[in-house]
Amino acid sequence: MDTKSHWDKVYAVKAPDAVSWYRPHLETSLALIERAASSHSAAVIDVGGGESTLVDDLLVRGYRKITVLDVSKTAIEVTRKRLEEAAQQVNWITGDVTEAPLDADAYDVWHDRAVFHFLTNPAHRISYVRQVARAVRAGGHVIVGTFGPEGPTKCSGLEVMRYDADLLHGEFGGRFRLVESSKELHQTPFGTTQQFLYCYCRVE
Ligand SMILES: C[S@@+](CC[C@H](N)C(=O)[O-])C[C@H]1O[C@@H](n2cnc3c(N)ncnc32)[C@H](O)[C@@H]1O
């Protein structure tokens, strides 16, 4: 099954709070985005945003240049519906992050929680990094959260990569200066835990 069909199927059968990656609020992501972008005029893109409440929380905080990209049309529709009128303030892109057309130097902050680790094919990771390098302007920030070294080996039935900070930063290369990394134990809605790793980089 291709990536789009897989994720559309996941979101068609599961409620937003019944997936392992669900949390009511993405606190770590929010804190890092606020650190990267103190001005609410910053352009923020959430890649693989799915049905998460990050976009809701960014709108409440006053961010007005928000883009949500996801390969699943179903997930984007659910999130748009939840936001009602506020959805009009968001730029929505349905597409694969490795190939979706993104404007050059368009974003101050790139956020990804639990998407990059699905790229098990090195060629897809290279395409992803090319996209970030093109879309984020110099001086902007990149926040990527993946499963950590002790995280699960699979998610949603798919094989995933697990990263420590050096390995993840190594995928991005020298133009991305690693400012900070942190690990987090995510409590799934099923009472289990998953180790996540976050890298916070500045684009030179
Ligand atoms: C594990 S979920 C994480 C969702 C959200 N970031 C969160 O933390 O709640 C992974 C998300 O990435 C999306 N996704 C997977 N591969 C993708 C790709 N190649 N391009 C864009 N989105 C992708 C899926 O549709 C799904 O919404």
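Which helix and which strand each supply at least two residues of the shell around the ligand? They are helix H1 (3-13) and strand S2 (65-70), where helices (H or I, at least four residues) and strands (E, at least two) are DSSP runs numbered from the N terminus. The largest share of this shell, 3 residues, comes from H1.

The model is predicted, and local features need pLDDT of at least 70, side-chain atom pairs count only at pLDDT 80 or more, and totals for chains, interfaces and linings use all residues. Residues are numbered from 1 along each chain as its sequence is written, and side-chain values use heavy atoms, with hydrogens and water left out.

The ligand is surrounded by 20 residues, the closest being Tyr11, Gly48, Asp70, Val97 and Arg113; a residue counts here if one of its heavy atoms lies within 4 Å of the ligand. An N or O atom in the side chain of Asp70 is 2.6 Å from an oxygen atom of the ligand, and a polar side-chain atom of Arg113 lies 2.6 Å from a ligand oxygen. A polar backbone atom of Val71 is 3.2 Å from a nitrogen atom of the ligand.

Asp166 is found in helix H6 (residues 165-172). This residue counts as exposed because its relative accessibility is 63%, the classes being buried under 20%, exposed over 50% and partly exposed in between (1.4 Å probe, protein chains only). Asp166 and Ser181 are 15 residues apart in sequence, with 9.4 Å between their C-alpha atoms.

Definitions and conventions: Polar contact = N/O pair within 3.5 Å; in protein donor to acceptor, adjacent residues only side chain to side chain.
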